[in-house]
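Terms are given with their cut-offs where they come up.

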Amino acid sequence: MLTKPVIEIAPRTWLISEYKLDNMYLLEGDTGALLIDCGAGIGNAAETVRGLTDKPVTVAITHGHFDHDGAAALFGEIHIHPLDIALSEQGYAQGEQARAWYAKSRGPVRNPKASEEELLALVQKNGPVRRIPMEDGAVFDLGGRTVEVIHTPGHSLGSVCFLDRESRLLFTGDMANDSLLLNCGDSSSTVKEYNESMRRLWARESEYDAICLGHDALDKMDKTAIADYIDATDKLLSGETKGEKGQNALHGGTGYRYNHRVLIWYDPARLA
């Protein structure tokens, strides 16, 4: 039977893996809970969340790509940075078609044990969604646990990271996965702006002990990946190095791998 991994990575903090396609995170406080991202809408994320907490749940989105907010209709409303609202609406309009493509294209790579038929059977339908603007510096108070929104343009112009102050965790969405996409056209930032966002995060590294990624890892990760991405983009911006045309199982274009750990896909015409 196809299972959805749910892992408690810290006290009252669960990584909910959408069948290993993408990650969402449930953070519970004394009076409320925060769901960071809600997946593409493959399987019922709301049922999973209800099985973990009976607290009122707020949904906040790291960025407006459909693989992170595609299940929004299961919750009715989401908080999202204003610069990504249009991106979210565009992706959501593709609905079941986009989710089916995602299951077919990502499933064989990220979860080869899951059959296409199993994943397609879990595709959710669209429904009404209210998108609430969420600005830089906003704080979600969960009762004895506060989570700060940090605007970090890069993978998308409205990308944000979430700093869980009490648990000392930073939730990075797609800003610091094993590979980084900056080649999403005008919806991505320049390499320079991404570098500035990561420097902003690293300037606060004393406030968190680990990072939690939007894909790939099923546990907390070493926060020094942020420093690696800063070093890599420094080298691209200075002209010390440059990427090469290539393709892997998921992505393609101009890519640069650094320190055997991080991979950047970027547009050479949009360095600065």
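Glu-8 stands opposite Trp-14 in strand E2, where strands are DSSP runs of E with at least two residues and helices are runs of H or I with at least four residues, both numbered from the N terminus. Strand E1 (residues 6–10) pairs with strand E2 (residues 13–17) in the antiparallel sense over 4 bridges, pairing being assigned if DSSP finds at least two bridges between two strands. The two strands form a hairpin with 2 residues between them, and Arg-12 in the turn has a positive phi of about 55°.

## Basis of the model

This is a predicted model, in which local features need pLDDT of at least 70 and side-chain atom pairs count only at pLDDT 80 or more, while totals for chains, interfaces and linings use all residues. Residues are numbered from 1 along each chain as its sequence is written, and side-chain values use heavy atoms, with hydrogens and water left out.

## Strand E9 and its partners

Strand E8 (residues 139–141) and strand E9 run antiparallel and are joined by 3 bridges, with Val-147 in E9 as the bridge partner of Phe-140. Their hairpin has 4 residues between the strands, and Gly-143 takes a positive phi near 90° there. E9 is also joined to strand E10 by 5 bridges, again in an antiparallel arrangement, and Val-149 stands opposite Phe-162 in E10.

In a regular strand the side chains alternate between the two faces of the sheet. Both faces of E9 are covered, since Thr-146, Glu-148 and Ile-150 on one side and Val-147, Val-149 and His-151 on the other are all buried, which here means under 20% relative accessible area, with exposed over 50% and partly exposed in between (1.4 Å probe, protein chains only).

## Helix H6

The 12 residues of helix H6 (residues 191–202) should span 16 Å at 1.5 Å a residue, and this agrees with the 16 Å between its end C-alpha atoms; the expected span is 1.5 Å times one less than the number of residues. Val-191, Tyr-194, Asn-195, Ser-197, Met-198 and Leu-201 of H6 are buried. Because they cover an arc of only 160° around the axis, they lie on the same side of H6, the arc being that of the directions from the helix axis to the C-beta atoms.

What covers these buried residues includes strand E9 (146–151), strand E10 (160–164), strand E11 (169–173), E12, H7 and E17.

An open sheet with mixed pairing is formed by 4 strands in the order E12-E17-E16-E15. Strand E12 (179–181) and strand E15 (244–247) are at the edges, each with a single partner strand, so one side of each has no neighbour in the sheet. From one strand to the next, the twist averages 40°.

E15 and strand E16 (residues 252–258) run antiparallel and are joined by 4 bridges. Glu-244 stands opposite Gly-255 in E16. Helix H7 (residues 225–238) packs on the sheet and touches E12, E16 and strand E17 (262–266), its direction making about 45° with that of E17; axes are lines fitted to C-alpha atoms, for helices over the stretch in contact (heavy atoms within 4.5 Å), and angles run from 0 to 180 degrees between N-to-C directions.

## Cysteines

How many disulfides does the structure hold? There are 0 disulfides, a disulfide being a pair of cysteine sulfur atoms within 2.5 Å. The sulfur of Cys-212 is 11 Å from the closest cysteine sulfur, in Cys-161, which is too far for a bond. Cys-161 is buried, with a relative accessible area of 0%, and Cys-212 is buried, with a relative accessible area of 1%.
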